[in-house]
Amino acid sequence: MRRDVFQAIADPTRREILGWIANESMNVNAVSGNFAVSRAAIYKHLKILTECGLVVVTQKGRERYCEARLDKLSEVSDWIDQYRKMWMSRLDNLEIYLNSVQKKKKKATNAPKAKQKHENKK
């Protein structure tokens, strides 16, 4: 079954595994030692991460080492970016609107004061 990167990061345990191996490769036992779940459960998570292309597991002697391949996360970043642009545009428009409302309020509150000053001078 072909999995995508979104399935990989959907699970908090898999995100945490990626966090552990992001900076340095770790053997499977070291990875599983950081979690309160069985080694078999960690192997299942690593299998999913491997199928998604986010982790490469290599055999070095008797040990299996996990190495993160985080470049695949660019798919997530690209997907998020389209919404970031949309929301930034909407927030910019909201800011423009709120600034115009604020200016109108200032004019409305300053107008009676100016009229009062003018009448007091007479």
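Reader: Which residue of β3 is the bridge partner of threonine 58?

Author: Tyrosine 65 in β3 is the bridge partner of threonine 58. The model is a predicted one, in which local features need pLDDT of at least 70 and side-chain atom pairs count only at pLDDT 80 or more, while totals for chains, interfaces and linings use all residues. Residues are numbered from 1 along each chain as its sequence is written, and side-chain values use heavy atoms, with hydrogens and water left out.

Reader: What makes β2 and β3 a pair of strands?

Author: Two strands pair if DSSP finds at least two bridges between them. Valine 56 has glutamate 67 of β3 as its bridge partner, and lysine 60 stands opposite glutamate 63 in β3. Two residues lie between the strands of this hairpin, where glycine 61 takes a positive phi near 65°.

Reader: Why do β1 and β3 count as paired?

Author: Two bridges join β1 and β3 in the antiparallel sense, and a pair needs at least two. Methionine 26 has cysteine 66 of β3 as its bridge partner.

Reader: Why are β1 and β2 said to stand at the edges?

Author: The three strands form an open sheet in the order β1-β3-β2, with antiparallel pairing. β1 (26-27) and β2 each have a single partner strand, so one side of each has no neighbour in the sheet.

Reader: What makes a stretch of the chain a helix or a strand here?

Author: Both are DSSP runs numbered from the N terminus: helices are H or I over at least four residues, strands are E over at least two. By that rule the chain has five helices and three strands, in the order α-α-β-α-α-β-β-α from the N terminus on.

Reader: What span is expected of α4, and what span does α4 reach?

Author: The expected span of a helix is 1.5 Å times one less than its number of residues. Helix α4 (residues 39-51) has 13 residues, and its first and last C-alpha atoms are 18 Å apart, close to the 18 Å expected. Just after α4, glycine 53 takes a positive phi of about 85°.

Reader: Why is histidine 45 called buried?

Author: Buried means under 20% relative accessible area, exposed means over 50%, and partly exposed lies in between (1.4 Å probe, protein chains only). Histidine 45 has 14%, and therefore counts as buried. Histidine 45 is in helix α4. Leaving aside neighbours within four places in sequence, histidine 45 is in contact (heavy atoms within 4.5 Å) with Asp11, Thr13, Arg14 and Ile17.

Reader: Why does alanine 30 fall in another class, and which one?

Author: The relative accessibility of alanine 30 is 32%, so alanine 30 is partly exposed. Alanine 30 lies in helix α3. Its C-alpha atom is 9.8 Å from that of cysteine 66, 36 residues apart along the chain.

Reader: Why are the buried residues of α4 said to line one face?

Author: The buried residues in α4 are Ile42, His45, Leu46, Ile48 and Leu49. Seen down the helix axis, they fall within an arc of 160°, so they line one face of α4; the arc is that of the directions from the axis to the C-beta atoms. The face turned away from this buried side carries the exposed residues Lys44 and Lys47. The buried residues pack against α1 (5-9), α2 (12-21), α3 (28-32), β2 (55-60) and β3 (63-68).

Reader: What makes a set of residues a nonpolar core?

Author: The members must be buried Ala, Val, Leu, Ile, Met, Phe, Trp, Tyr or Cys residues, joined through side-chain atoms within 4.5 Å. The largest such core here has 19 residues, and those with the most contacts inside it are Ile17, Ile21, Val31, Leu46, Leu49 and Val55. The elements that give two or more residues to this core are α1, α2, α3, α4 and β3. The largest share, four residues, comes from α4. Leucine 46 is in contact with Ile17, Val28, Val55 and Cys66, leaving aside neighbours within four places in sequence.

Reader: How many residues has the chain, and what share of them is buried?

Author: Of the 122 residues in the chain, 19% are buried.
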